[in-house]
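Welcome! Take a moment to look over the model, and then read on for a short tour of the ligand site and a few backbone details.

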Amino acid sequence: MKTVAILISGQGSNMASLVHACREERWPARIAAVIANRPQAPGLALARGLDVPVEVVSHAEHPGREAFDAALAARLEALGADLVLLAGFMRILTEGFVRRFAGRLVNIHPSLLPAFPGLDTHARALDAGVRLHGATVHLVTPTLDHGPILAQAAVPVLDGDDAATLAARVLAVEHRIFPMAVRWLLEDRVRVVAGRAEVDGVSADERLLWAGAR
Ligand code: GRF
């Protein structure tokens with residue numbers, strides 16, 4: 001049985017998809033806590049409603065990044081977290097934190113990395129005129145929105161899309177690939193070879209979800 005912590009900053013819909021999958025698919029895991037860096041994060045109420053323990057480690061109450069990351073790391077170590085899932089967690093983590101949790105830290109990012117790291121990915125995808133957009137689940141390295149890719153989901157950009165319609169299409173596939181990739185980690189099927197993730201018993205095809213209109 002592995003211990004999982006989920007970090008959020010906002011709505012927490014990815015967090016909810018992870019909690020549901022853990023229960024419905026009977027993962028060999030216990031979700032020890034949902035931790036938000038903002039006390040007002042709406043996802044906290046969502047997690048409470050799902051009967052998951054919630055905690056706040058507020059970045060605003062720490063004098064800087066190092067202090068916040070130290071407090072967060074202390075909580076995660078106290079929980080005994082084997083996996084730390086960044087589910088819409090909107091804080092850049094220090095290199096020290098990332099190295100401490102290397103191999104245990106997983107992020108979902110709303111773009112087909114390495115395209116569009118950082119913020120406002122949907123607006124930037126529309127500005128760039130790409131026809132294909134999506135989301136990526138990856139192990140975290142000290143470089144922002146970078147690291148061995150576990151799974152990706154691709155969606156089309158449709159005529160008439162704005163950032164909100166495109167974000168909604170991407171979010172729906174995020175809810176599918178994040179639990180899928182976490183399960184591979186819980187089952188110890190992931191190895192990193194020369195900076196790339198390999199997943200035992202899972203084909204390249206299964207690691208790409210295409211949610212196209214055609
Ligand atoms: C998701 O698109 C996530 O990838 C991004 O912010 C959004 C958070 O959604 N970083 P939620 O909080 O999981 O609902």
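The ligand takes up the space of the largest pocket. Please keep in mind that this is a predicted model.

**Who surrounds the ligand**

- The shell around the ligand consists of Gln11, Gly12, Ser13, Asn14, Gly88, Met90, Ile108, Pro110, Leu171 and Glu174.
- Two helices each give at least two residues to the shell: helix 1 (13-24) and helix 6 (163-186).
- Both domain 1 (1-101) and domain 2 (109-134 + 152-214) take part, with at least three shell residues coming from each.

- Ser13 uses its side chain here: one of its polar side-chain atoms is 2.5 Å from an oxygen atom of the ligand.
- Asn14 uses its backbone, where an N or O atom lies 2.9 Å from a ligand oxygen.
- Gln11 also takes part through its backbone, with a polar atom 3.4 Å from an oxygen atom of the ligand.
- How much of the ligand's exposed area does the protein bury? On its own the ligand exposes 360 Å², and the protein buries 83% of that.

**Backbone spots to look at**

- Most peptide bonds are trans, and most residues other than glycine have a negative phi.
- Against that background, the peptide bond from Leu113 to Pro114 is cis, its omega being near 10 degrees.
- You can find Pro114 in the loop that runs between strand 5 (105-109) and helix 5 (121-128).
- Arg26 is not a glycine, yet its phi is positive, at about 50 degrees.
- To locate Arg26, look in the loop between helix 1 and strand 2 (29-36).

Note on methods: Residues numbered from 1 in each chain as written. Predicted model: local features only at pLDDT ≥ 70, side-chain atom pairs only at ≥ 80, totals over all residues. Heavy atoms only, no water. Near = heavy atom within 4 Å. Polar contact = N/O pair within 3.5 Å; in protein donor to acceptor, adjacent residues only side chain to side chain. Areas by Shrake-Rupley, 256 points an atom, 1.4 Å probe, with all protein chains shown as cover. 1 Å grid on protein atoms, 1.4 Å probe; cavity = no way out; pocket = protein on both sides within 12 Å on 5 of 7 lines; lining within 4 Å. Sits in = over half its atoms within 2 Å of the grid points. Helix = DSSP H or I, 4+ residues; strand = E, 2+ residues; numbered from the N terminus. Domains from an automatic or database assignment.
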